[in-house]
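Here is a short briefing on one protein chain. Look over the sequence and the fold first, then take the points below topic by topic.

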Amino acid sequence: MSGRVTVVGLGPGPAEWMTPEASAAIETASDVVGYGPYVERLALRREQCAHVSDNRLEMDRARLALTLAAEGRAVAVVSGGDPGVFAMAAAVFEAIEEDPRWLRLDIQVSPGVTAMQAAAARLGAPLGHDFCAISLSDNLKLWAVVERRLLAACEGDFVIALYNPESQARPDGIVKAFDVLRGAKASTTPVAFARAVGRSDEALILTTLGEADAGRADMATLVVVGSSETRFIARHAARPWMVTPRAYGARR
């Protein structure tokens, strides 16, 4: 088969955070497949075909991209952040298993800056030691699984990056997550809400687990919950830095 699929990470928002490889994949694509708001971020040429769909239709997008590529098209499947982190790369590879013909296609994944990397850069160095990422979406897994993983992360004393904290269909996900975390971690644990990092409506809020307001989070927010070692470093007339030291057990 002569077609190809490149699964592309657009990064969190700013064009300068998109890699040259990702930009080249989009520039040379005949077709761009993705969630509407992500495709709208791109300045596509008139001859490029855009195929947009709702956020929950990942498998439909993947199948469409593979079908177009099987017809000889050069397809870019776009995701925000990195396509391999809670995004379209997994959907494309899952869809490939459905049709052996698609195994002969040229499939590539182009990485991007993740939401947690962008948030960490703004906050200071909260991911300086061991950390994990947990999606609070229970669309594709039971909430009991989310809760078990949150407790395991607390037991391991990881810094936790919480993706997908809230949506219209799941307004209480972050509330339930904080309930779990407060039962397992100190109330003084540093917490950051990093919303729309890199975009015009960016907002960063630093607080503690005991004081954290779940209402601060929406689907554009990444929530970072510190480990027992994470701390805030106060600055003069500026927002504190959030830092997790590289050596576990390190002290100032």
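Strand 9 (residues 190–195) and strand 11 run antiparallel and are joined by five bridges. The model is a predicted one.

- Strand 11 spans residues 221–225 and is mostly covered, with five of its five residues buried.
- In a regular strand, side chains alternate between the two faces of the sheet.
- Thr221, Val223 and Val225 point one way from strand 11. Leu222 and Val224 point the other way. Residues on both sides are buried.
- Leu162 has Val223 of strand 11 as its bridge partner.

**Thr6 in strand 1**

- Thr6 sits in strand 1, which covers residues 4–9.
- Thr6 counts as buried, at 10% relative accessibility.
- Which residues does Thr6 contact, leaving aside its neighbours within four places in sequence? They are Ala25, Val75, Ala76, Val77, Gln108 and Ser110.

**Helix 5**

- Helix 5 runs over residues 115–123. Its buried residues include Met116, Ala118, Ala119, Ala120 and Leu123.
- An α-helix has 3.6 residues a turn, so residues three or four places apart point the same way.
- Gly124 follows helix 5 and has a positive phi, near 135 degrees.

**Salt bridges**

- The model has nine salt bridges. Side chains of opposite charge can pair when their charged atoms come close.
- Glu27 and Arg45 form one of them, with their closest N and O atoms 3.1 Å apart. Glu27 lies in helix 1 (residues 20–27), and Arg45 lies in the loop between helix 2 (36–39) and strand 3 (49–53), so the pair ties together parts that are 18 residues apart in sequence.
- Arg45 is partly exposed, at 31% relative accessibility.
- Glu27 and Arg45 are also linked with Glu47 in a network of salt bridges.
- Arg122 pairs with Glu202 in a salt bridge, the closest N and O atoms being 3.0 Å apart. Arg122 is in helix 5 and Glu202 is in the loop between strand 9 and strand 10 (203–208), so this pair ties together parts that are 80 residues apart in sequence.
- Both ends of this pair are partly exposed: Arg122 has a relative accessible area of 31%, and Glu202 has one of 29%.
- Arg101 and Asp99 meet through their side chains in a salt bridge, at 2.6 Å from N to O.
- Asp99 is buried, with a relative accessible area of 14%.

**Cysteines**

- How many disulfides does the model have? The count is zero.
- Cys132 is in no disulfide, and the nearest cysteine sulfur, that of Cys154, is 8.6 Å away.
- A disulfide needs the two sulfur atoms within 2.5 Å.
- Cys132 is buried, with a relative accessible area of 18%.
- Cys154 also counts as buried, at 10% relative accessibility.

Technical notes: Residues are numbered from 1 along each chain as its sequence is written. This is a predicted model: local features need pLDDT of at least 70, side-chain atom pairs count only at pLDDT 80 or more; totals for chains, interfaces and linings use all residues. Side-chain values use heavy atoms; hydrogens and water are left out. Buried means under 20% relative accessible area, exposed over 50%, partly exposed in between (1.4 Å probe, protein chains only). Helices (H or I, at least four residues) and strands (E, at least two) are DSSP runs, numbered from the N terminus. Two strands pair if DSSP finds at least two bridges between them. Contact means heavy atoms within 4.5 Å. A salt bridge is a side-chain nitrogen of Lys or Arg within 4 Å of a carboxyl oxygen of Asp or Glu.
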